[in-house]
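Hi everyone, thanks for coming. Let me walk you through one model today.

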Amino acid sequence: NVIATTKRQHQIMFKKSNPSGNYSQVSNYSDSDSSSDDGNPEDDFVAREIRQQKMMMKEQDQGLEMLGQSAERLSQISFGIHEELGHQTKMLNEMEEDLE
């Protein structure tokens with residue numbers, strides 16, 4: 001059955017690596033050891049850079065989460081279209097047979 005085979009292929013292609021459907025985030029680097037109280041400008045620079053990178057990673061994580069959700073919705077829609085086309089093809093074939 002073509003529809004069952006395609007459905008299995010779809011499930012394999014879009015199988016999630018974990019049940020929640022979320023990707024695993026990169027663990028955050030702790031900058032508690034890199035900050036010092038002696039006022040060293042290099043330490044301040046490093047601490048600022050680490051904070052900025054963490055903030056950028058958080059924004060990227062949010063963007064990736066939205067992208068993942070959109071991809072899942074598109075997957076569901078495309079599978080629905082595929083099923084509908086299969087049904088319509090079957091009906092057209094039956095109609096053609098009836099007309100012959």
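A word on terms: helices (H or I, at least four residues) and strands (E, at least two) are DSSP runs, numbered from the N terminus. On that basis, our chain has two helices and zero strands. Please keep in mind that this is a predicted model, where local features need pLDDT of at least 70, side-chain atom pairs count only at pLDDT 80 or more, and totals for chains, interfaces and linings use all residues. Residues are numbered from 1 along each chain as its sequence is written, and side-chain values use heavy atoms, leaving out hydrogens and water.

Now to helix 2, residues 41-99. Its 59 residues should span 87 Å at 1.5 Å a residue (1.5 Å times one less than the number of residues), and the end C-alpha atoms, 85 Å apart, agree with that.

What about burial? Of the chain's 100 residues, 8% count as buried, meaning under 20% relative accessible area with a 1.4 Å probe, protein chains only. In helix 2, the buried residues are Ala47, Ile50, Asp61, Ser75 and Phe79.

Finally, at the start of helix 2, a side-chain oxygen of Asn40 comes within 3.0 Å of the backbone nitrogen of Glu42. Thanks, all!

Note on methods: Buried means under 20% relative accessible area, exposed over 50%, partly exposed in between (1.4 Å probe, protein chains only). A polar contact is a pair of N or O atoms within 3.5 Å; within protein, one must be able to donate a hydrogen and the other to accept it, and residues adjacent in sequence count only if both atoms are side-chain atoms.
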